[in-house]
Amino acid sequence: MTKAGSGPINTAGPLWVNAEITYKCPLHCVFCYNPLNYASTFESELTTEQWLKAFREARALGAVQLGISGGEPLVRKDAEVLVSEASKMGYYVNLLTSGVGLTEERIAAFKEGGLGQIQLSFQDSTKEMNDFLSSTKTFDLKLKVARLIKQYDYPMVLNVVLHRLNIDHIEQILEMAEAMQADHVELANSQYYAWALKNREYLMPSREQIQKAEAVTERFRKRLGKKMKLYFIMPDYYSDRPKACMNGWGSVFLNIAPDGLALPCHEARMLPGLDFPNVRDHDVGWIWNESRAFNLYRGDSWMQEPCRSCDEKEKDFGGCRCQAFMLTGDATHADPVCSKSPQHHLITEQVDLAQQSRAGAEEVRPLLFYRDDKTSRLLGTPETTSVLDEHA
Amino acid sequence: MSLPTDTALTLEKQFRLQWEPAQNAYVLLYPEGLIKLTESAGEILKRIDGKASADDVVHSLEQAFPGADLKQDVIDFLEVAYDKGWIRAD
């Protein structure tokens, strides 16, 4: 039960817990939203017992949805135990995986343990795009995993991150999804955080690319109807109002990083001076209700203008604190995606840049930051630099 | 879409109904989402067990809440649940 009234502003507990059980991953996606210094968590991952303790505490606050994600969660050998114990606690458990390492033995154990759904991400292939799109090996692996997912009576939920270098291949991607008998396909344009921010100038599609991709998507949608549901998600840089990030800071979502850091979103680790609490040292109830970090951007008392007097502040909460910090250097500024932000030009300049014709994928590939352990260690210091600092 | 009233109803396989003390309500859980149910919606859905038909659900509710004229409200709600894909009629 929640301790009613124990929170300064928010007395409802988290509903959705995302457990990033490891940042280890066999893939090297250029749009990864894991922190740049993710490799620093390798030696300090929570134990199985510490994860279960945090799950129990969050469940006691009323959390019902649990994401098991990463990195690649299947890298951890205790993923099955975490899933089955969490299911017993009453969570609806979602596994977010690239499918690499998903054997029949493991999927059978997940099913037995009560796993609710599997969301399969389409692995990025920027390094060898052409090879990949025609690669029988990769295609066979995906088909095999897709068959297992169907065989174990799960819907086939496919997540594809789109960006400048792959969006023109959307037809082939959707044909592959159809061959895999996907039930739901999320076509989400990359959001520019962490590795994707590093690679932003190469990843942001032009308006024309987006329109073409949408038209292809619509054609598939018309032909396939309910058989394969397609969701196309625009990059937020192309909007003039910010997203209601996480439905508000510390409102419904609790992210727990591999090293136990409790965060109000996947990206918040980068925000300086917040001193995020760790689930090893604190009860999740205290973290959610009492900690300074979770209370800092609740409500609207932290807001500056134009948010403070804005009649939309209860709709979008001023957008994303991390994006405001990354782009303007101050997390209390309005998310510059908003056209009311005095720094909106930081967004429109990038959008303008994306309309120019650029070098082709061949030329761009060597310039990208690939998410790998070596690069992560090189970038190793805590990620507190903003784009402003880099350009200073 | 019209729901047959004499056919057994089952919760769709991705959906799970459970009582949540923290919210003092039944919630319907599905991949990456949840719906907090009103008291009456919870009373209806908890009777969906793979055997009971819409008629059975109405009958059971009339026993539990004698004197109330529930039939149309219950059928209307089940129609909505059916259209939304929460339940299926086998």
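Author: Two residues are in contact if their C-beta atoms, placed from the backbone, lie within 7 Å. On that basis, residues 24 or more positions apart account for 75% of the contacts in chain A with a separation of 6 or more. The model is a predicted one.

Reader: What makes A:Phe369 count as buried?

Author: A residue is buried if 20 or more other C-beta atoms lie within 10 Å of its own. A:Phe369 has 20 C-beta neighbours inside 10 Å, so A:Phe369 counts as buried. In chain A, buried residues make up 46% of the 392 residues.

Reader: Where does A:Phe369 lie, and which residues is A:Phe369 in contact with?

Author: A:Phe369 lies in the loop between α15 (361-364) and α16 (373-378) of chain A. Leaving aside neighbours within four places in sequence, its contacts are A:Val30, A:Trp195, A:Lys198, A:Asn199 and A:Thr375. A:Val30 is 339 residues from A:Phe369 along the chain, yet their C-alpha atoms are separated by 6.2 Å.

Reader: Why are α6(A) and α9(A) called roughly parallel?

Author: Angles under 35 degrees count as roughly parallel. Helix α6 (residues 170-179) and helix α9 (residues 207-224) of chain A pack at an angle of about 30°, with their axes 10 Å apart. α6(A) and α9(A) are therefore roughly parallel to each other. Their crossing is right-handed.

Reader: Which residues of α6(A) and α9(A) meet?

Author: From α6(A) come A:Ile170, A:Glu171 and A:Leu174, which meet A:Ala213, A:Val216, A:Thr217 and A:Phe220 in α9(A). By class, this contact has five nonpolar, one polar and one charged residues. Chain A as a whole comes to 17 helices and nine strands.

Reader: And why are α2(B) and α3(B) called oblique?

Author: The axes of helix α2 (residues 54-64) and helix α3 (residues 71-83) of chain B cross at roughly 135° and come within 10 Å. Angles over 145 degrees count as roughly antiparallel and 65 to 115 as roughly perpendicular, while those under 35 are roughly parallel and the rest oblique. α2(B) and α3(B) are therefore oblique to each other. Here, too, there is a right-handed crossing.

Reader: What meets what between α2(B) and α3(B)?

Author: B:Ala54, B:Val57, B:Val58 and B:Leu61 in α2(B) meet B:Lys71, B:Val74, B:Ile75 and B:Leu78 in α3(B). The residues of this contact divide into seven nonpolar, no polar and one charged.

Reader: What makes up the contact between the two chains?

Author: Chain B gives 13 residues and chain A gives 16 residues. On the side of chain B that touches chain A, β2 (16-20) and β3 (25-30) of chain B each supply at least two residues. The largest share of that side, three residues, comes from β2(B). By class, the side of chain B that touches chain A has six nonpolar, three polar and four charged residues.

Methods:
Residues numbered from 1 in each chain as written. Chains lettered and ligands numbered in written order. Predicted model: local features only at pLDDT ≥ 70, side-chain atom pairs only at ≥ 80, totals over all residues. Helix = DSSP H or I, 4+ residues; strand = E, 2+ residues; numbered from the N terminus. Nonpolar A, V, L, I, M, F, W, Y, C, P; charged D, E, K, R; others polar. Axes fitted to C-alpha atoms, helices over the stretch in contact; angles between N-to-C directions. Left-handed = near helix turned anticlockwise from the far one by under 90°. Buried ≥ 20, exposed ≤ 12 C-beta atoms within 10 Å, placed from the backbone.
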